[in-house]
Number of protein chains: 2
Amino acid sequence: MKVLRLPTIKRLPTYLHILKRFEKDGNEYVSTTALINELDFKPILVRKDLVLLGLPGKPRLGYKLKDLISAIEVYLGWNKTDEAFLIGAGSLGQALMGHKPFEENGLRIIAGFDADPAKAGHTIHGKKIFPMDKLPELIKRMGVKVAIITVPWQEAQSVADILVEAGIWGIWNFSMVKLKTPPHVVCHNENLSSGLAVFSVRLRKMYQQTSNNL
Amino acid sequence: MKVLRLPTIKRLPTYLHILKRFEKDGNEYVSTTALINELDFKPILVRKDLVLLGLPGKPRLGYKLKDLISAIEVYLGWNKTDEAFLIGAGSLGQALMGHKPFEENGLRIIAGFDADPAKAGHTIHGKKIFPMDKLPELIKRMGVKVAIITVPWQEAQSVADILVEAGIWGIWNFSMVKLKTPPHVVCHNENLSSGLAVFSVRLRKMYQQTSNNL
């Protein structure tokens, strides 16, 4: 398989979701057109993305669903599951702990950690919350390699230091702070407000257009 | 101000967050270098983005913080606040209702709606949950123009139909289904697993590299 570009990678989960729906409905093949009809991406992009996955399509039938799903899952590493700890069980952290698609998509959050002693011992979405001082020991004992940071930005770097010291390899960082981590640690920054920014700009343009037409 | 490209728009909330932090710390000016030091974006991109905002910088001092913050907020429409309804008070919906940065960023969720009668009447993060049959009436009575959909994908289109019929102008759709809406409605699709996909690919490459070195 070729090396895919970032925008293609970002579209893969959407394809996967729809392809799995088609499979559940009892289909064996999927045509590019059928997939495009379910998407708001430009058809030319979808066609290119599918070609990049490198699978042979059958004339008139399209792609074999099972093979297409498997190709995407293998590329993303979602054919196996990583176990992750989540640090910061506030409202965002709790939501991620209960977000079922992550489990289907190769990431299983197995426990949460929080600085608030009142939260320790509780169970959120079936997962136990531990106090922060248990974090290094449990990372080592359970061999967990992936962590999700949903603490306030002021605390993010000190949490990252603990994670790296204890042997974490990958950090999914929701804290809005650039973390200093050694080169062997994959640190991926997420900003939930990026989507809101694009939505806001589109809304603002629509408002202006509408008031110009009045 | 020029028309900004999508990647630039997505970076604006991150700039804004850091600039506001600088302002709280009592700074009056910010240099491009100081901003770049707080970011994991390529310096050349940050420099280009700032130039596109069209503000004059002062030699050696940099940009006036207040002006830069205001330019970004005006571009995004975050200088005023839209009131929004949220439909689907599950774990993701509840988290969005409690996600403080949205309030600071021009979007105030004022109430939630859920098909589960057991949730109606409850208050989540200080916001009341109403039953679905109140939705059209409340949209009209309160003049709400923006809605967030966090219902399961099977229900998303019928919810969107109700919203459009009642007069909503903008839908932020977290449901993984392409919604059919008339052209005057801005429908923005969000996929939380896109970030996970990029993180997974980076992790997978790191694992491969590490095991090659063993």
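Contact, in this talk, means heavy atoms within 4.5 Å. With that settled, let's go. This is a predicted model: local features need pLDDT of at least 70, side-chain atom pairs count only at pLDDT 80 or more, and totals for chains, interfaces and linings use all residues. Residues are numbered from 1 along each chain as its sequence is written, chains are lettered from A and ligands numbered from 1 in the order in which they are written, and side-chain values use heavy atoms, with hydrogens and water left out.

Start with how the copies sit. Chain B superposes on chain A by a rotation of 180° with 0.0 Å of shift along the axis, at an RMSD of 0.0 Å.

Now the interface. 64 residues of chain B contact 64 residues of chain A. Of the interface residues of chain B, 98% are also interface residues in chain A, so the copies meet through the same surface.

How much area is buried between the two chains? About 5800 Å², with 68% from carbon and sulfur atoms. Buried area here is the accessible area (1.4 Å probe) that two parts lose on being put together, summed over both. Leu196(B), Phe199(B) and Tyr207(B) supply 11% of what chain B buries against chain A, more than any other three residues.

Next, polar links. Between chain B and chain A, 24 residue pairs are in polar contact, both residues at pLDDT 80 or more. A polar contact is a pair of N or O atoms within 3.5 Å; within protein, one must be able to donate a hydrogen and the other to accept it, and residues adjacent in sequence count only if both atoms are side-chain atoms. H9(B) gives the most residues to the side of chain B that touches chain A: 15. Helices (H or I, at least four residues) and strands (E, at least two) are DSSP runs, numbered from the N terminus.

Over all chains, the structure holds 14. One example joins Asp49(B) and Arg11(B), with the closest N and O atoms 2.6 Å apart. Glu28(B) touches Tyr63(B), Lys64(B) and Leu65(B), not counting residues up to four places away in sequence. The C-alpha atoms of Glu28(B) and Lys66(B) are separated by 7.4 Å.

Note on methods:
Copies are superposed by least squares on the C-alpha atoms of residues with pLDDT of at least 70 in both. A salt bridge is a side-chain nitrogen of Lys or Arg within 4 Å of a carboxyl oxygen of Asp or Glu.
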